[in-house]
Amino acid sequence: MRELPFAIDAPEQEQRRKDKASEAADRDAADLRAVLALPEGRRLLAALIAQGAPLATTFQADPLTMAFREGYRNAALALIARISQTAPEYLAGLVFSSPDTTE
């Protein structure tokens, strides 16, 4: 007997997968909000964003150095995107201020 290329209960499995993904996304958003609610968390995230220099150029004559700097920049931009989707009220204070003064 030949096996079917799909599971008969595929719609239920797909729904369970979507539910788990949604729960994980909700948990991640709640975790980020909890970190942003603390002054220490805001300082940490501001320092990480500043380290990535998302508003600066990454151009360098050496392509490996440029790729390395672009990696940092990309990580900072990804963090900014997550914050803007989850808790945009904190974003301006993190991106446009010194990490030492983010309260």
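1. How are helix 1 and helix 3 oriented to each other, roughly parallel or roughly perpendicular? What you have here is a predicted model, so local features need pLDDT of at least 70 and side-chain atom pairs count only at pLDDT 80 or more, while totals for chains, interfaces and linings use all residues. Residues are numbered from 1 along each chain as its sequence is written, and side-chain values use heavy atoms, with hydrogens and water left out.

2. First, the parts list. The chain has four helices and zero strands, and from the N terminus on its elements run α-α-α-α. Helices here are DSSP runs of H or I with at least four residues, strands are runs of E with at least two, and the numbering starts at the N terminus. Of the 103 residues, 20% count as buried; buried means under 20% relative accessible area, exposed means over 50%, and partly exposed is in between, using a 1.4 Å probe and protein chains only. Contact means heavy atoms within 4.5 Å. Among the contacts with a separation of 6 or more, 56% come from residues 24 or more positions apart.

3. Now back to the opening question. Helix 1 (residues 10-36) and helix 3 (residues 63-86) pack at an angle of about 95 degrees, and their axes are 10 Å apart. The axes are lines fitted to C-alpha atoms, for helices over the stretch in contact, and the angles run from 0 to 180 degrees between N-to-C directions. Helix 1 and helix 3 are therefore roughly perpendicular to each other. The cut-offs are under 35 degrees for roughly parallel, over 145 for roughly antiparallel, 65 to 115 for roughly perpendicular, and oblique for the rest.

4. Who does the touching in that pair? On helix 1 the contact uses Asp28, Ala29, Leu32, Arg33 and Leu36, and on helix 3 it uses Arg82, Ile83 and Thr86. Sorted by class, the residues of this contact are four nonpolar, one polar and three charged. Here Ala, Val, Leu, Ile, Met, Phe, Trp, Tyr, Cys and Pro count as nonpolar, Asp, Glu, Lys and Arg as charged, and the others, Gly among them, as polar.

5. Helix 1 also meets helix 2, at an angle of about 105 degrees and with the axes 6 Å apart. Helix 1 and helix 2 are therefore roughly perpendicular to each other too. Leu32, Val35 and Leu36 of helix 1 make this contact with Gly41, Arg42 and Leu45 of helix 2. By class, the contact has four nonpolar, one polar and one charged residues. The buried residues of helix 1 are Ala29, Leu32 and Leu36, and they pack against helix 2, helix 3 and helix 4.

6. Next, a look at helix 2 (residues 39-52). Its 14 residues reach 20 Å from first C-alpha to last, close to the 20 Å expected at 1.5 Å a residue; the expected span is 1.5 Å times one less than the number of residues. Gly41, Arg42, Leu45, Ala46, Ile49 and Gly52 are buried in helix 2. Looking down the axis of helix 2, these buried residues fall within an arc of 130 degrees, so they line one face of the helix. That arc is taken from the directions from the helix axis to the C-beta atoms. Their cover includes helix 1, helix 3 and helix 4 (91-95).

7. Then comes the loop between helix 2 and helix 3, where Ala53 lies. Phi of Ala53 is near 45 degrees, a positive value in a residue other than glycine. With 31% relative accessibility, Ala53 counts as partly exposed. Pro54 is found in this loop as well, and at 9% relative accessibility it counts as buried. Apart from neighbours within four places in sequence, Pro54 is in contact with Ile49, Arg73, Ala76, Leu77 and Ile80. Pro54 and Ala76 are 22 residues apart in sequence, yet 6.0 Å apart in space, C-alpha to C-alpha.

8. Last stop, helix 3. Its 24 residues should span 34 Å at 1.5 Å a residue, and the end C-alpha atoms are 34 Å apart, which agrees. Buried in helix 3 are Ala76, Leu79, Ile80, Ile83 and Thr86, with cover that includes helix 1, helix 2 and helix 4. Leu77 lies in helix 3 too, but at 31% relative accessibility Leu77 counts as partly exposed.
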